[in-house]
Amino acid sequence: MSNMPFYTVDGDRFVPTDAARGPWDPKSLHGRVIVGLLGAEIERLHGGAEFVPARLTVDMYRLPDLSPAEVTTRVVREGYRIKVIDAEFFSAGVSAGRATCQLLRRTEQPEGQVWRPTVWEVPRPEEIAPPEPNGRPMGGMWATRRIVGDFGSVGQKRTWISEVRELVEGRPLTPFVRVAGAADFASPFANAGDQGLKYINSDVTLYLHREPVGDWIGFEVVNHGATAGVAIGECFLYDVEGPIGSAACCALAQRRRM
(Lines give C-alpha, C1' and ligand atoms only; values in the text may rest on other atoms or scores of the structure.)
Protein backbone atom coordinates (compact mmCIF):
# COMPACT_ATOMS: atom_id res chain seq x y z
CA MET A 1 0.00 0.00 0.00
CA SER A 2 1.57 3.26 -1.13
CA ASN A 3 -1.26 5.58 -0.05
CA MET A 4 -0.91 7.84 2.98
CA PRO A 5 -1.80 5.96 6.21
CA PHE A 6 -4.55 7.20 8.53
CA TYR A 7 -2.12 7.61 11.44
CA THR A 8 1.59 8.01 12.04
CA VAL A 9 3.15 7.14 15.40
CA ASP A 10 4.79 9.64 17.75
CA GLY A 11 5.81 7.81 20.91
CA ASP A 12 2.57 6.63 22.56
CA ARG A 13 0.45 8.94 20.41
CA PHE A 14 -1.20 8.41 17.04
CA VAL A 15 -1.07 11.45 14.77
CA PRO A 16 -3.92 11.63 12.23
CA THR A 17 -3.06 12.44 8.63
CA ASP A 18 -5.26 14.31 6.15
CA ALA A 19 -6.60 10.93 5.00
CA ALA A 20 -8.36 10.51 8.36
CA ARG A 21 -10.72 13.47 7.90
CA GLY A 22 -14.42 12.64 8.20
CA PRO A 23 -17.43 13.64 6.09
CA TRP A 24 -19.34 15.62 8.73
CA ASP A 25 -16.75 18.26 9.57
CA PRO A 26 -13.49 18.78 7.63
CA LYS A 27 -11.72 19.43 10.93
CA SER A 28 -12.79 16.13 12.52
CA LEU A 29 -11.86 12.47 12.28
CA HIS A 30 -13.76 9.84 10.33
CA GLY A 31 -15.52 7.37 12.62
CA ARG A 32 -13.88 4.39 10.97
CA VAL A 33 -10.38 5.46 12.05
CA ILE A 34 -11.60 5.68 15.65
CA VAL A 35 -13.20 2.21 15.52
CA GLY A 36 -10.21 0.79 13.67
CA LEU A 37 -7.62 2.14 16.09
CA LEU A 38 -9.49 0.93 19.18
CA GLY A 39 -9.79 -2.53 17.65
CA ALA A 40 -6.15 -2.54 16.55
CA GLU A 41 -4.83 -1.64 20.00
CA ILE A 42 -7.04 -4.22 21.71
CA GLU A 43 -5.75 -6.91 19.37
CA ARG A 44 -2.11 -5.77 19.56
CA LEU A 45 -2.02 -5.66 23.35
CA HIS A 46 -4.45 -8.42 24.33
CA GLY A 47 -5.18 -10.65 21.31
CA GLY A 48 -3.81 -14.09 20.54
CA ALA A 49 -4.03 -16.75 17.85
CA GLU A 50 -6.10 -18.97 20.14
CA PHE A 51 -8.86 -16.36 20.52
CA VAL A 52 -11.50 -15.00 18.12
CA PRO A 53 -12.41 -11.32 18.65
CA ALA A 54 -16.08 -12.24 18.55
CA ARG A 55 -17.59 -8.86 19.49
CA LEU A 56 -16.31 -5.31 19.32
CA THR A 57 -18.63 -2.49 20.46
CA VAL A 58 -17.49 1.12 20.09
CA ASP A 59 -19.32 4.14 21.48
CA MET A 60 -18.45 7.44 19.78
CA TYR A 61 -19.73 10.31 21.91
CA ARG A 62 -17.55 13.20 20.76
CA LEU A 63 -16.45 14.30 17.28
CA PRO A 64 -12.67 14.58 17.75
CA ASP A 65 -10.48 16.94 15.76
CA LEU A 66 -7.16 15.97 14.16
CA SER A 67 -5.14 16.35 17.35
CA PRO A 68 -2.78 13.49 18.30
CA ALA A 69 -4.74 10.61 19.83
CA GLU A 70 -4.00 8.11 22.58
CA VAL A 71 -5.62 4.76 23.38
CA THR A 72 -5.67 3.15 26.83
CA THR A 73 -6.81 -0.41 27.52
CA ARG A 74 -8.00 -2.27 30.62
CA VAL A 75 -8.51 -5.98 31.24
CA VAL A 76 -12.02 -6.57 32.60
CA ARG A 77 -11.85 -10.35 32.57
CA GLU A 78 -9.06 -12.71 31.50
CA GLY A 79 -10.34 -16.25 31.79
CA TYR A 80 -9.30 -19.39 29.96
CA ARG A 81 -12.24 -19.27 27.53
CA ILE A 82 -13.35 -15.62 27.62
CA LYS A 83 -11.46 -12.34 27.68
CA VAL A 84 -13.17 -8.95 28.00
CA ILE A 85 -11.11 -5.86 27.24
CA ASP A 86 -12.09 -2.20 27.54
CA ALA A 87 -10.33 0.56 25.58
CA GLU A 88 -10.71 4.34 25.45
CA PHE A 89 -9.85 6.84 22.70
CA PHE A 90 -8.49 10.24 23.77
CA SER A 91 -8.08 13.19 21.42
CA ALA A 92 -6.04 16.13 22.80
CA GLY A 93 -6.47 14.54 26.23
CA VAL A 94 -10.29 14.42 26.02
CA SER A 95 -12.21 11.14 25.87
CA ALA A 96 -14.01 10.83 22.53
CA GLY A 97 -14.91 7.13 22.37
CA ARG A 98 -14.65 3.80 24.13
CA ALA A 99 -14.73 0.14 23.17
CA THR A 100 -15.44 -3.24 24.70
CA CYS A 101 -14.16 -6.37 23.02
CA GLN A 102 -15.07 -9.94 23.88
CA LEU A 103 -12.53 -12.54 22.78
CA LEU A 104 -13.55 -16.21 22.79
CA ARG A 105 -11.17 -19.18 22.75
CA ARG A 106 -11.31 -21.35 19.62
CA THR A 107 -12.55 -24.87 20.30
CA GLU A 108 -13.87 -27.95 18.53
CA GLN A 109 -16.97 -27.36 16.41
CA PRO A 110 -19.93 -29.38 17.78
CA GLU A 111 -21.79 -31.91 15.64
CA GLY A 112 -25.22 -31.28 14.16
CA GLN A 113 -26.99 -28.94 11.78
CA VAL A 114 -28.35 -25.47 12.62
CA TRP A 115 -30.44 -23.23 10.35
CA ARG A 116 -28.49 -20.56 8.47
CA PRO A 117 -29.48 -17.85 5.99
CA THR A 118 -29.39 -18.70 2.32
CA VAL A 119 -26.00 -18.84 0.62
CA TRP A 120 -24.65 -15.43 -0.47
CA GLU A 121 -24.19 -15.97 -4.19
CA VAL A 122 -22.64 -12.86 -5.72
CA PRO A 123 -19.82 -12.11 -8.17
CA ARG A 124 -16.33 -12.12 -6.69
CA PRO A 125 -14.60 -8.73 -6.39
CA GLU A 126 -12.25 -9.41 -9.30
CA GLU A 127 -15.26 -10.10 -11.54
CA ILE A 128 -16.67 -6.56 -11.01
CA ALA A 129 -15.25 -3.46 -12.65
CA PRO A 130 -14.18 -0.53 -10.43
CA PRO A 131 -17.06 1.98 -10.17
CA GLU A 132 -15.06 5.16 -10.62
CA PRO A 133 -12.53 5.86 -13.37
CA ASN A 134 -10.32 8.08 -11.20
CA GLY A 135 -9.43 5.12 -8.98
CA ARG A 136 -10.37 6.93 -5.73
CA PRO A 137 -13.83 5.64 -4.81
CA MET A 138 -15.36 6.77 -1.52
CA GLY A 139 -13.00 9.75 -1.41
CA GLY A 140 -9.99 7.43 -1.25
CA MET A 141 -11.23 5.68 1.92
CA TRP A 142 -11.77 2.28 0.26
CA ALA A 143 -11.67 0.43 -2.99
CA THR A 144 -15.22 -0.69 -3.86
CA ARG A 145 -16.91 -3.19 -6.15
CA ARG A 146 -20.65 -2.53 -6.26
CA ILE A 147 -22.85 -5.63 -6.48
CA VAL A 148 -26.38 -4.18 -6.35
CA GLY A 149 -27.82 -0.83 -5.23
CA ASP A 150 -25.79 2.26 -4.40
CA PHE A 151 -25.83 5.46 -2.37
CA GLY A 152 -28.82 7.52 -3.42
CA SER A 153 -30.89 4.44 -4.18
CA VAL A 154 -33.71 2.94 -2.12
CA GLY A 155 -33.64 -0.83 -1.97
CA GLN A 156 -31.39 -3.76 -1.20
CA LYS A 157 -27.69 -2.86 -1.30
CA ARG A 158 -24.66 -5.10 -1.53
CA THR A 159 -21.03 -4.22 -2.14
CA TRP A 160 -17.44 -5.30 -1.65
CA ILE A 161 -14.96 -2.91 0.01
CA SER A 162 -11.22 -3.19 0.54
CA GLU A 163 -8.63 -1.07 2.33
CA VAL A 164 -6.29 1.04 0.21
CA ARG A 165 -3.98 2.30 3.00
CA GLU A 166 -2.52 1.30 6.36
CA LEU A 167 -4.38 2.26 9.50
CA VAL A 168 -1.13 2.99 11.35
CA GLU A 169 2.03 3.63 9.37
CA GLY A 170 4.37 0.64 9.35
CA ARG A 171 1.86 -1.78 10.90
CA PRO A 172 0.44 -4.33 8.45
CA LEU A 173 -3.32 -4.78 8.50
CA THR A 174 -4.39 -7.94 10.31
CA PRO A 175 -7.68 -9.60 9.33
CA PHE A 176 -9.34 -8.22 12.48
CA VAL A 177 -8.06 -4.67 11.99
CA ARG A 178 -9.23 -4.82 8.37
CA VAL A 179 -12.80 -5.74 9.33
CA ALA A 180 -12.90 -3.53 12.45
CA GLY A 181 -12.03 -0.47 10.38
CA ALA A 182 -14.56 -1.44 7.75
CA ALA A 183 -17.42 -2.05 10.24
CA ASP A 184 -18.25 1.67 10.48
CA PHE A 185 -19.37 1.46 6.83
CA ALA A 186 -22.53 -0.30 8.05
CA SER A 187 -24.02 3.06 9.04
CA PRO A 188 -23.75 4.97 5.76
CA PHE A 189 -24.56 1.87 3.75
CA ALA A 190 -27.70 0.99 5.73
CA ASN A 191 -28.87 4.52 6.63
CA ALA A 192 -28.32 6.46 3.39
CA GLY A 193 -31.33 7.01 1.10
CA ASP A 194 -32.51 9.03 -1.87
CA GLN A 195 -31.50 12.29 -0.13
CA GLY A 196 -28.04 11.03 0.78
CA LEU A 197 -26.75 10.27 4.27
CA LYS A 198 -28.57 12.28 6.94
CA TYR A 199 -27.52 10.28 10.03
CA ILE A 200 -24.22 10.21 11.94
CA ASN A 201 -23.64 6.98 13.84
CA SER A 202 -22.90 7.16 17.55
CA ASP A 203 -21.81 3.54 17.87
CA VAL A 204 -20.91 0.40 15.97
CA THR A 205 -21.02 -3.25 17.04
CA LEU A 206 -19.13 -5.88 15.09
CA TYR A 207 -19.90 -9.58 15.56
CA LEU A 208 -17.57 -12.23 14.10
CA HIS A 209 -17.71 -16.00 14.16
CA ARG A 210 -14.46 -16.02 12.19
CA GLU A 211 -11.97 -13.48 10.90
CA PRO A 212 -12.00 -12.59 7.19
CA VAL A 213 -9.83 -14.22 4.55
CA GLY A 214 -8.32 -11.95 1.92
CA ASP A 215 -8.57 -8.20 1.31
CA TRP A 216 -12.27 -7.81 0.52
CA ILE A 217 -15.22 -7.47 2.93
CA GLY A 218 -18.73 -7.92 1.56
CA PHE A 219 -21.59 -5.81 2.99
CA GLU A 220 -25.29 -6.61 2.62
CA VAL A 221 -27.88 -4.26 4.14
CA VAL A 222 -30.40 -6.29 6.13
CA ASN A 223 -32.08 -3.65 8.31
CA HIS A 224 -32.82 0.05 8.64
CA GLY A 225 -35.32 1.83 10.87
CA ALA A 226 -35.73 5.45 11.95
CA THR A 227 -38.13 7.48 14.10
CA ALA A 228 -37.79 11.04 15.44
CA GLY A 229 -34.26 11.38 14.09
CA VAL A 230 -32.95 8.18 15.69
CA ALA A 231 -31.91 5.42 13.28
CA ILE A 232 -30.58 1.88 13.41
CA GLY A 233 -28.86 -0.03 10.62
CA GLU A 234 -27.46 -3.52 10.19
CA CYS A 235 -25.38 -5.35 7.59
CA PHE A 236 -24.36 -8.96 7.19
CA LEU A 237 -20.63 -9.31 6.49
CA TYR A 238 -18.84 -11.71 4.13
CA ASP A 239 -15.47 -12.53 2.64
CA VAL A 240 -14.74 -14.44 -0.56
CA GLU A 241 -15.32 -17.74 1.28
CA GLY A 242 -18.72 -16.89 2.80
CA PRO A 243 -20.34 -15.26 5.86
CA ILE A 244 -18.17 -13.99 8.70
CA GLY A 245 -20.57 -11.99 10.93
CA SER A 246 -22.49 -8.72 11.07
CA ALA A 247 -22.15 -5.03 11.86
CA ALA A 248 -24.87 -2.88 13.45
CA CYS A 249 -25.13 0.75 14.50
CA CYS A 250 -27.38 3.41 15.94
CA ALA A 251 -27.32 6.95 14.56
CA LEU A 252 -28.69 10.47 14.98
CA ALA A 253 -30.01 12.90 12.37
CA GLN A 254 -27.13 15.24 11.48
CA ARG A 255 -26.31 18.17 9.21
CA ARG A 256 -22.87 18.48 7.68
CA ARG A 257 -20.57 21.35 8.64
CA MET A 258 -18.98 23.07 5.69
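## Basis of the report

This is a predicted model, in which local features need pLDDT of at least 70 and side-chain atom pairs count only at pLDDT 80 or more, while totals for chains, interfaces and linings use all residues. Residues are numbered from 1 along each chain as its sequence is written, and side-chain values use heavy atoms, with hydrogens and water left out.

## Salt bridges

Side chains of opposite charge can pair when their charged atoms come close. The structure holds 14 salt bridges, a salt bridge being a side-chain nitrogen of Lys or Arg within 4 Å of a carboxyl oxygen of Asp or Glu. One of them joins Asp 18 and Arg 21, with N to O at 3.1 Å. Asp 18 counts as exposed because its relative accessibility is 51%, whereas Arg 21, at 35%, counts as partly exposed; here buried means under 20% relative accessible area, exposed over 50%, and partly exposed in between, using a 1.4 Å probe and protein chains only.

Arg 106 and Glu 211 form a salt bridge in which the closest N and O atoms are 2.9 Å apart. This pair links distant parts of the chain, since Arg 106 lies in the loop between strand 6 (94-105) and strand 7 (142-148), and Glu 211 lies in the loop between strand 10 (203-208) and strand 11 (216-227), 105 residues apart. Strands are DSSP runs (E, at least two residues), numbered from the N terminus.

Arg 158 and Glu 220 also meet in a salt bridge, at 2.6 Å from N to O. Arg 158 belongs to strand 8 (residues 158-163) and Glu 220 to strand 11, so that the pair links parts of the chain 62 residues apart. Arg 158 is partly exposed because its relative accessibility is 24%, while Glu 220, at 7%, is buried.

The side chain of Asp 203 does reach the backbone nitrogen of Cys 250, at 2.7 Å. Leaving aside neighbours within four places in sequence, Asp 203 is in contact (heavy atoms within 4.5 Å) with residues including Val 58, Met 60 and Cys 249.

Terms used: Helix = DSSP H or I, 4+ residues; strand = E, 2+ residues; numbered from the N terminus. Polar contact = N/O pair within 3.5 Å; in protein donor to acceptor, adjacent residues only side chain to side chain.
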